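Got the sequence and the 3D view open? Let's take a walk through the fold, one piece at a time.

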Amino acid sequence: MYKFLVVEDEPYARNCVQSILTELNGGGVYLAENGAAALHAVEREGIDAVITDIQMPVMDGIELIRQLNKNRERVVVAVLSGHDEFAYVQAAVEYSALDYVLKPFDRDAVAKLYYKMVRKLRAKTNLDQEIASLMLRSSRIRPFIKQRFFLDLIGGNADGARIEEMRDYLNLNLSDRPLRLCLIEVDERESELRSADGQSKFCLYNILEVIGRIAGEWPFSDCFDVSSNALAVVWSPPDGARDAAELLDSLELLINELNSLYGVVLNVALSAPVAGAPQVSEHHPGGEVAGTLLDQRLVGGQDTRQPAHRVRHLEQ
């Protein structure tokens, strides 16, 4: 059952509309004498639909509709109007009023308006549900889209147009500024993979979630999974990627935190600076170094892992 609000300063007209709507809607009909009272009722009662008069004291119907339009969760609005108020009705329609009923009205006119408003409310509900479903599906696939994009970027399969598109869609920190690629790998042979309370074991998936959450908080960076035990960080600070001090500090803190809390040993590799995101795909010299670093670690299977205590030497 939807909640209707009748806004009318004339008691007889207000009560007549209330009676008809109560019969049709099975209840859920509220009353207000002017626009100001109506705004309070909408907020207090969670009103779905408003039928309002135009000329009222304190706040008229046009101003009420204007104020209702500022609400992100817009209610469905219709207008009651006299024959000499048609200019006001046109203004109300321009401000998104669904329809109007002229005074004096009969039951059929109000009933037709009621059913039209209910159809609008149902369509709005269906649309809201569809949007919510799309947003949920989108949130579920975004990590995979992000991972695929970065792997394509490193593999040289992302041109400038796609970089721009993904940067906007995924809200990435990628820019034309210099960047570095950092690989963070869980050393399965050396790690205990215990929980923070030390009582239970953690699986690799849980550890990567923890690492991704921490790395995702670093400024000027984006991270993505690249294998079952490793993720990569793209770091692009405004002062240039040649100054890696902040990233190295963050890496050392991550290494210490993961080892102290979870018994995890991390292997870290850091690429040479790359001129910018487009250059990674175009295989400019810096991009080749970065791409080769990841390929060797994950695809070629070469043992290029570095112990955690050597992380600061990786900048060279």
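Start with a pair of charged side chains: glutamate 23 and arginine 107 meet in a salt bridge, 2.8 Å from N to O. (A salt bridge here is a side-chain nitrogen of Lys or Arg within 4 Å of a carboxyl oxygen of Asp or Glu.) This one ties together distant parts of the chain, since glutamate 23 sits in helix 1 and arginine 107 in helix 5 (residues 107-154), 84 residues apart. In total, the structure holds six salt bridges. Helices (H or I, at least four residues) and strands (E, at least two) are DSSP runs, numbered from the N terminus.

A word on what you're looking at: this is a predicted model, where local features need pLDDT of at least 70 and side-chain atom pairs count only at pLDDT 80 or more, while totals for chains, interfaces and linings use all residues. Residues are numbered from 1 along each chain as its sequence is written, and side-chain values use heavy atoms, with hydrogens and water left out.

An open sheet of five strands runs in the order 2-1-3-4-5, with parallel pairing; two strands pair if DSSP finds at least two bridges between them. Its edges are strand 2 (29-32) and strand 5 (100-102), each pairing on one side only. Strand 1 (residues 4-7) joins strand 2 through four bridges, and leucine 5 has tyrosine 30 of strand 2 as its bridge partner.

Helix 1 (residues 11-25) lies across strands 1, 2, 3 (49-53) and 4 (76-81), at about 165° to strand 2. Axes are lines fitted to C-alpha atoms, for helices over the stretch in contact, and angles run from 0 to 180 degrees between N-to-C directions. Contact means heavy atoms within 4.5 Å.

What does helix 2 (residues 35-45) pack against at about 30°? Its partner is helix 3 (residues 61-69), with the axes 9 Å apart. Gly35, Ala38, Leu39 and Val42 of helix 2 meet Leu64, Gln67 and Leu68 of helix 3.

Finally, look for the open sheet of four strands, ordered 7-8-6-9 with antiparallel pairing. Strand 7 (221-227) and strand 9 (266-270) are its edges. Six bridges join strand 7 to strand 8 (residues 230-235), where serine 227 has alanine 230 as its bridge partner.
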